[in-house]
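Dear colleague,

I am passing on the structure below, together with some notes on what turned up in it. Please read them with the model open beside you.

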Amino acid sequence: MATEASTSAAAGAGGGSWVEGMSADNIKGLVLALSSSFFIGASFIVKKKGLKKAGACGVRAGVGGYSYLYEPLWWAGMITMIVGEVANFAAYAFAPAILVTPLGALSIIISAVLADIMLKEKLHIFGILGCVLCVVGSTTIVLHAPQEREIESVAEVWDLATEPAFLFYAAIVLAATFVLIFRFIPQYGQTHIMVYIGVCSLVGSLSVMSVKALGIALKLTFSGMNQLMYPQTWLFTIVVVVCILTQMNYLNKALDTFNTAVVSPIYYTMFTSLTILASVIMFKVISYFYIFCSNACQAFLWFTF
């Protein structure tokens, strides 16, 4: 977010650690993003246990049931995820999406370890290697995260979001999402993990951009510049709600159908890659493109393994 040029210059000239080279806002975003990863990683496991318990006495989420809505354990996992998402939401108000999103790699480690302990879902050697690659790649992204342009109003974010390039990306994402939902999920949802996760990741890339805009609006409002009077703020809010509900629905189906230790890392890799791509298009930062290529290589390795 907003940074002081003098602070960045002083940190760079001092040759200090990478933390000293980050702005105060980026450090706040980093701490919030790390806290978010702990809560979200644990929530995958609690929700999976709730889904299994609900499926034992009702219609499973994987085949279109919603009996998990009556299961307290699932709600406990949902509340844990909400806490994590709130921290994540706050992180986007302080730091660039390119810095916040990749830190979700930590949630992969947490969910993989807890899945092994609590769900007895074993992660094979290639899965472990994939987790390590995700963490190494995410660390690289964090260390080289570019400074984000200063945003002074939610209207400025709206201008970026309504430029032809991003509108074209959004149209492709929506078209691909509808094709997956209405064409591929009925046929392949129970056998191909990429179908459910594809929907979550595509929609998620749009939700991150909207969350970023909403976070900026709230941050500016709390600092004395009211952004709630702009209709764009409420449009971003609607997009966030719709995207989150869609992600939650299909992520539940994926967790109920497939191994948690597999769902979590693949979802993370696809979601992060598409978010970085959306950032490349929206903010026009060319250095994002090289990071996207790095993350795409991680995705390729995951799918190969």
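Y68, W74 and W75 form one aromatic cluster, where rings of Phe, Tyr and Trp (its six-membered ring) pair if their centres lie within 6.5 Å, and planes under 30 degrees apart count as stacked, over 60 as edge-to-face and the rest as tilted. By this rule there are eight aromatic pairs. One of these is the stacked pair of Y267 and F271, with 5.7 Å from centre to centre and 25° between the planes. Both residues belong to helix α11 and sit four residues apart, about one turn of the helix, and both Y267 and F271 are buried (under 20% relative accessible area, with exposed meaning over 50% and partly exposed in between, for a 1.4 Å probe and protein chains only).

Before the rest, a word on the source: this is a predicted model, in which local features need pLDDT of at least 70 and side-chain atom pairs count only at pLDDT 80 or more, while totals for chains, interfaces and linings use all residues. Residues are numbered from 1 along each chain as its sequence is written, and side-chain values use heavy atoms, with hydrogens and water left out.

As to the overall fold, the secondary structure comprises 12 helices and zero strands, taking helices (H or I, at least four residues) and strands (E, at least two) as DSSP runs numbered from the N terminus. Of the 305 residues of the protein, 50% count as buried. The protein exposes about 13,800 Å², of which carbon and sulfur atoms supply 74%, the areas coming from the Shrake-Rupley method with a 1.4 Å probe and, for residues, with only the protein chains shown counting as cover. If contact is taken as heavy atoms within 4.5 Å, then among contacts between residues at least 6 apart in sequence, 80% join residues at least 24 apart.

Leaving out residues up to four places away in sequence, I197 touches A254, V263, I266, Y267 and M270, and Y267 is the residue already described as stacked with F271.

Two further residues of helix α9 deserve a look. S205 lies in this helix and counts as buried, at 0% relative accessibility; beyond four places in sequence, S205 touches Y169, V173, F271, L274, T275 and A278. A213 is likewise found in α9 and is buried, with a relative accessible area of 0%. With neighbours within four places set aside, A213 is in contact with V154, V157 and F236, and its C-alpha is 9.2 Å from that of A155, although 58 residues separate A213 and A155 in sequence.

Finally, a search of the whole structure finds one salt bridge (a side-chain nitrogen of Lys or Arg within 4 Å of a carboxyl oxygen of Asp or Glu). The side chains of K53 and E71 meet in it at 3.8 Å, N to O. Because K53 lies in helix α2 and E71 in the loop between α2 and α3, the pair ties together parts that are 18 residues apart in sequence. E71 is itself buried, with a relative accessible area of 9%.
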